[in-house]
Amino acid sequence: MEDIVIIGSGCAGLSAAIYAARAGLNPLVLEGGQPGGLITTTNEVENFPAFPEGVNGFDLAWKMREQALKFGARIEGAIVERAELLSSPKKLFCEGGNVIEAAKVVVATGSSPRMTGAKNESNLYGGGGVSTCATCDGAFYRNMPVAVVGGGDTACEEAIFLTRFCSSVSIIHRRNEFRASKIMSERVFSNPKIETVLDSVLDEVLADDGGKCRGIIVKNVKTGQLREIDVKGLFIAIGHTPNTKFLKDSGLSFDDDGYIITKGSMVETGIDGVYAAGDCSDRRFRQAITASATGCMAAILASS
Ligand SMILES: Cc1cc2nc3c(=O)[nH]c(=O)nc-3n(C[C@H](O)[C@H](O)[C@H](O)COP(=O)(O)OP(=O)(O)OC[C@H]3O[C@@H](n4cnc5c(N)ncnc54)[C@H](O)[C@@H]3O)c2cc1C
């Protein structure tokens with residue numbers, strides 16, 4: 001039986017692995033289908049401390065991985081399909097039939113940003129001008145026009161945040177009113193830097209010769225009319241799906257969107273010896289540093 005198994009190898013999982021390994025817990029990390037996690041999909045991370053020149057997301061994750069391996073963490077390419085976390089030992093059923101038993105488990109499986117599926121969106125994602133995180137990438141578009149897709153609180157918040165440094169922000173929403181709270185909608189409507197493009201969906205992202213976003217085409221859902229808008233950056237803000245579906249019968253508790261509910265210390269799940277770290281339980285911050293921080297907390301609690 002393993003002392004501790006960490007499911008996920010993003011910032012949360014690898015940070016948990018560094019702490020657990022240094023605490024002598026001999027952790028096993030199951031890295032899933034995305035070794036290094038979501039941060040590997042972005043070219044430039046400017047807000048992770050200790051990198052004043054910025055760091056490539058893949059390099060950042062790989063340095064964490066190297067550090068975890070250096071202290072003795074073991075990393076396997078397994079995907080967990082189902083888990084029994086109330087039993088003792090806890091059981092993780094992996095793709096291919098392998099069953100891993102563990103005394104303690106850290107769930108660090110992250111969340112996946114939802115995309116619209118518009119033409120060229122995926123080609124320009126992560127470095128080509130299409131992003132799902134204004135906090136992360138907004139500063140790259142200083143004095144440039146950008147667009148946000150979405151109509152909830154997050155989309156409105158991102159649009160308002162972007163007005164601090166972008167020259168203009170177009171917010172594209174498929175309905176004729178926002179789903180966001182009244183106060184957020186009012187802030188959007190009253191902001192002179194924001195143009196609201198309602199009843200409209202993203203149809204295509206346009207690329208320049210260098211493969212960077214130069215504009216978008218939106219389609220009015222009522223008239224079918226297409227309109228081109230010049231933007232250098234596009235932020236898709238239609239929500240995230242936590243990667244927790246495979247845990248639905250595990251004994252963990254989830255909120256309506258599938259985020260793991262934690263208590264007290266932010267990482268305790270209510271099941272003895274089971275912790276949740278990073279974006280799989282965090283709908284608010286979703287940053288590399290907060291994922292690393294909660295990974296650290298989970299490992300410290302697991303080793304105490
Ligand atoms: C475009 C973009 C740019 C970003 N830029 C920044 C930035 O500049 N600064 C910043 O701080 N943050 C940035 N972020 C956010 C940051 O990437 C995330 O907050 C961070 O990666 C979350 O880490 P995590 O470990 O919680 O989850 P993730 O990084 O999503 O890792 C989840 C891990 O779980 C594994 N996994 C999932 N399901 C299973 C399973 N069933 N079995 C086994 N393993 C599984 C995956 O393989 C993966 O290794 C950005 C995000 C995006 C999308």
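1. α1 and α6 cross in a right-handed sense; the term applies if the near helix is turned clockwise from the far one by less than a right angle, and left-handed is the anticlockwise case. Their axes lie 7 Å apart, at an angle of about 35°. Axes here are lines fitted to C-alpha atoms, for helices over the stretch in contact, with angles running from 0 to 180 degrees between N-to-C directions. On the α1 side the contact includes C11, A12 and G13, and on the α6 side A288, A291 and S292 are among the residues involved; contact requires C-beta atoms, placed from the backbone, within 7 Å. By class, this contact has 12 nonpolar, 6 polar and no charged residues (Ala, Val, Leu, Ile, Met, Phe, Trp, Tyr, Cys and Pro are nonpolar, Asp, Glu, Lys and Arg charged, and the others, Gly among them, polar).

2. A word on the basis: this is a predicted model, where local features need pLDDT of at least 70, side-chain atom pairs count only at pLDDT 80 or more, and totals for chains, interfaces and linings use all residues. Residue numbers start from 1 along each chain as its sequence is written.

3. Helix α4 (residues 153-162) packs on helix α5 (residues 182-190) with axes 9 Å apart and an angle of about 35°. The crossing of α4 and α5 is left-handed. D153, C156, E157, A159 and I160 of α4 meet M184, S185, R187 and V188 of α5. That contact of α4 with α5 has 5 nonpolar, 1 polar and 3 charged residues.

4. Around the ligand there are 42 residues, of which G10, G32, G37, G110 and G278 come nearest (a residue is near if its C-beta atom, placed from the backbone, lies within 6 Å). The elements giving two or more residues to this shell are α1 (11-22), α3 (134-137) and α6 (288-303). The shell divides into 19 nonpolar, 19 polar and 4 charged residues.

5. Overall, the chain has 6 helices and 17 strands (DSSP runs numbered from the N terminus: H or I of at least four residues, E of at least two). Its C-alpha trace spans about 60 × 40 × 35 Å along the principal axes. Of the 304 residues, 44% count as buried, meaning 20 or more other C-beta atoms within 10 Å of their own, against 12 or fewer for exposed and partly exposed in between.

6. F140 sits in the loop between α3 and β9 (145-149). F140 counts as partly exposed because it has 18 C-beta neighbours inside 10 Å.

Notes:
Contact = placed C-beta atoms within 7 Å.
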